[in-house]
Amino acid sequence: MTAPRLIERRVRLHSPILHVVGLGLLFLVPGLLVSALIEWGSGGDDEVALLGSAALSGAIGYPLWWATEVRARVAASSVFGAVAWTWVASSVLGAVSFVWSDMFTMSEWDLALFESVSGFSCTGSTVLADIEANGRGVLMWRQLTQWYGGMGMVVLALSVLPYLGVGGLEMMTAEAPGDSSDRLAPRVTGTARRLWGVYAGVTVMVALALWIAPGMNLYDAFAHASTTAATGGFSTYNSSIGHFDSLTVEIIVIVGMFVCGLSFAWHYRAVTGHPEVYGRNGDFRLYTLLFVLGVTAVTAINWDAGVSFGTSLRDSAFNVATLSTSTGFGNARASGGVGDFVLWAASAQLILLFFMVIGGNVGSTAGGMKVFRLNVVGRHFTRTLRQLGTPRGVFPVKLGDQAVPEDIVGRVLAFVSLYFLVTVGGMLVVTALGTDVVTAGTGALSAMGNMGPALGEAGPTSNFLVFSRPARGVLAVLMLVGRLEIFAMLLMFVAPVRAARRRVRDRQLVLSQPGSS
């Protein structure tokens with residue numbers, strides 16, 4: 001008689017958080033390996049540190065992914081928690097790689113963590129006093145942290161979260177009423193692949209354009225294209241884009257930043273035969289109008305201050321573009337140059353402050369409050385004024401010809417209120433920790449909007465070492481809160497707490513059964 005064959009089935013723990021964290025860490029391995037290869041090829045000394053970081057990322061990520069699974073139905077709190085904890089884990093791994101590669105010492109672990117959070121959140125604020133003192137491979141990894149952050153944001157916003165009816169694709173569909181606005185394929189995985197393809201395609205196009213431009217080699221071109229596509233703003237040079245002192249390079253970067261401040265779903269529809277998607281979208285028109293008006297106004301102010309028209313237009317356009325898209329590149333070509341907007345008139349700085357709040361479009365890699373929310377808030381304000389004159393009138397909030405559902409209007413208003421509440425709270429804490437009001441306020445606003453530079457002592461030619469260690473910790477938290485749009489960070493602790501309560505409840509039920517011990 002043949003013994004029955006036993007089929008062993010590996011039992012996996014149901015944990016969306018650990019599963020997604022494991023995948024996230026595994027995704028970092030190729031970037032670390034490429035960076036190690038560049039470090040070795042350029043004669044640097046830190047390829048072993050980068051290889052060790054890749055091994056550590058794989059050694060932690062693979063077991064987490066292998067031993068866990070995600071079932072068909074996942075609670076909203078679990079998915080938000082998975083998103084947030086993945087970003088936290090990636091930031092910690094990035095900090096370890098920076099310390100191992102001697103970008104920072106062990107005693108400067110907080111600086112390494114700040115730099116890593118700034119990278120993955122695509123903020124661009126730096127605490128490196130001398131960027132160019134590091135090896136090419138290590139600096140490329142620093143650039144790639146932002147490229148991962150930008151790509152991750154698109155995928156998380158448009159692929160992971162839609163199943164929950166919040167955030168990402170579902171948020172865009174709900175907040176921007178229309179033809180189910182941004183589902184690019186019947187399955188979410190198809191949408192994710194298309195968006196990854198567009199993101200990679202834009203990166204390659206910007207890199208090729210920069211490579212052709214005078215003064216850029218292939219390394220510089222890809223390094224800056226990766227952070228342009230991510231609207232991150234990290235550079236491999238101390239003076240950022242100003243290092244090249246090239247109008248051609250600045251024009252390419254301006255166009256790249258503007259394009260990446262638009263929804264990537266629009267880009268996909270445009271390249272697949274529907275370029276009219278831009279013109280018929282109210283957010284695109286408002287985004288473009290604000291950009292043109294901002295450049296015009298700031299150029300006029302700088303020109304009136306005695307700067308030549310050509311220089312005023314060049315530096316105004318660049319800085320409006322870099323802040324309206326939350327990129328954070330600098331183009332100051334010398335200390336005290338016109339590109340340093342900290343030296344501009346107060347009126348010009350106020351315009352830049354406005355762009356630091358608003359940011360880009362929903363579905364882009366840009367940060368900020370988003371143009372869509374500005375649109376809804378503005379139309380809600382107009383409706384309120386009309387209702388004061390006609391109390392019994394019914395005036396829906398409309399974008400174009402379509403009315404925005406009242407629950408979406410409420411969500412937008414709640415988000416905007418919470419956004420400013422968190423920002424003001426961060427500003428008060430940073431000020432209390434010894435920073436002047438202007439630097440603290442704009443630093444908190446910059447961190448929350450993932451902008452990079454601020455006003456005051458943290459301008460585009462400075463760095464965030466002007467803040468104290470506790471203040472930098474507060475700003476790092478604001479970076480993550482701003483990039484994940486508040487809700488993921490607020491809910492990241494809900495799933496573990498609920499799981500712990502469930503285990504306690506199940507244990508109590510078992511103990512309450514007759515005969516249990």
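1. Buried means under 20% relative accessible area, exposed over 50%, and partly exposed in between (1.4 Å probe, protein chains only). This is a predicted model, where local features need pLDDT of at least 70, side-chain atom pairs count only at pLDDT 80 or more, and totals for chains, interfaces and linings use all residues. Residues are numbered from 1 along each chain as its sequence is written, and side-chain values use heavy atoms, with hydrogens and water left out.

2. There are 17 aromatic pairs in the structure. Rings of Phe, Tyr and Trp (its six-membered ring) pair if their centres lie within 6.5 Å; planes under 30 degrees apart are stacked, over 60 edge-to-face, the rest tilted. F114 and F464 make a tilted pair, because their centres are 6.0 Å apart and their planes at 35°. F114 is in helix α4 (residues 109-120) and F464 in the loop between α17 (437-449) and α18 (469-483), 350 residues apart. Helices are DSSP runs (H or I, at least four residues), numbered from the N terminus. Both F114 and F464 are buried.

3. W303 and F309 pair edge-to-face, because their ring centres are 5.1 Å apart and their planes at 65°. F309 has 42% relative accessibility, so F309 counts as partly exposed.

4. One aromatic cluster is formed by F120, W141, W147, Y148, Y199 and F264. Back in α4, 10 of the 12 residues are buried, F114 and F120 among them. C122 follows α4 and has a positive phi, near 60°.

5. Two charges sit over rings (NZ of Lys or CZ of Arg within 6 Å of the ring centre and within 35 degrees of the ring normal). R142 lies over the face of F234, 3.8 Å from the ring centre. R373 has its charged end over the ring of F415, 3.7 Å from the centre.

Terms used:
Helices (H or I, at least four residues) and strands (E, at least two) are DSSP runs, numbered from the N terminus.
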